[in-house]
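Please look through the model shown below. The questions that follow ask on what grounds each term is applied to it.

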Amino acid sequence: MYAAYASNMDPDQMAERAPHSPLRTTGWLQDWRLTFGGEDVGFEGALATVVEASGEHVFVVLYDVPEFDEQALDEWEGAALGVYRKIRVRIATLDGDVLAWLYVLDDYEGGLPSARYLGILADAAEKAGAPDDYVKELRTRPCKSLGD
């Protein structure tokens, strides 16, 4: 199982990137928080990642990803280039905990995402059924315009 927390929460985007990977459920990555980093490797600002943080939580979408789709996702996410690396985590779902993998940025935390990128993340969370307060928090996070 793959746990998406950024733009891959959007089922339509995932259908294009990993067409054989059905959405299974949603859940929460407990004791982690969504943050941004790698501003120097991003095209328009910092990139989404997660870091451990007691008491925090990140909404995720779980997809059942076969190996050939996993390889395609690795290319999309820059895992082969060392931008992101994969780790295994426990996701809390309504049906119990699930072991899944996700991508974490292999860079330092810090920097601001672009307003456009942050909007993509918020739209993806909304499409995936994230709670309204979670989507609102995404939409009101600090960001930068492309002219900054």
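Q: What makes up the pattern of the protein chain, read along the sequence?
A: The protein chain follows β-α-β-β-α-β-β-α-α, where helices (H or I, at least four residues) and strands (E, at least two) are DSSP runs, numbered from the N terminus. This is a predicted model, in which local features need pLDDT of at least 70, side-chain atom pairs count only at pLDDT 80 or more, and totals for chains, interfaces and linings use all residues. Residues are numbered from 1 along each chain as its sequence is written, and side-chain values use heavy atoms, with hydrogens and water left out.

Q: Which residues of helix α2 are buried?
A: In α2, residues 67–77, the buried ones are D69, L73, D74 and E77, where buried means under 20% relative accessible area, with a 1.4 Å probe and protein chains only.

Q: How do you know that the buried residues of α2 line one face of the helix?
A: Seen down the axis of α2, they fall within an arc of 150°, so they line one face; the arc is that of the directions from the helix axis to the C-beta atoms.

Q: What covers the buried residues of α2?
A: The cover includes β1 (2–4), α1 (11–17), β4 (84–93) and β5 (96–105).

Technical notes: Buried means under 20% relative accessible area, exposed over 50%, partly exposed in between (1.4 Å probe, protein chains only). Contact means heavy atoms within 4.5 Å.
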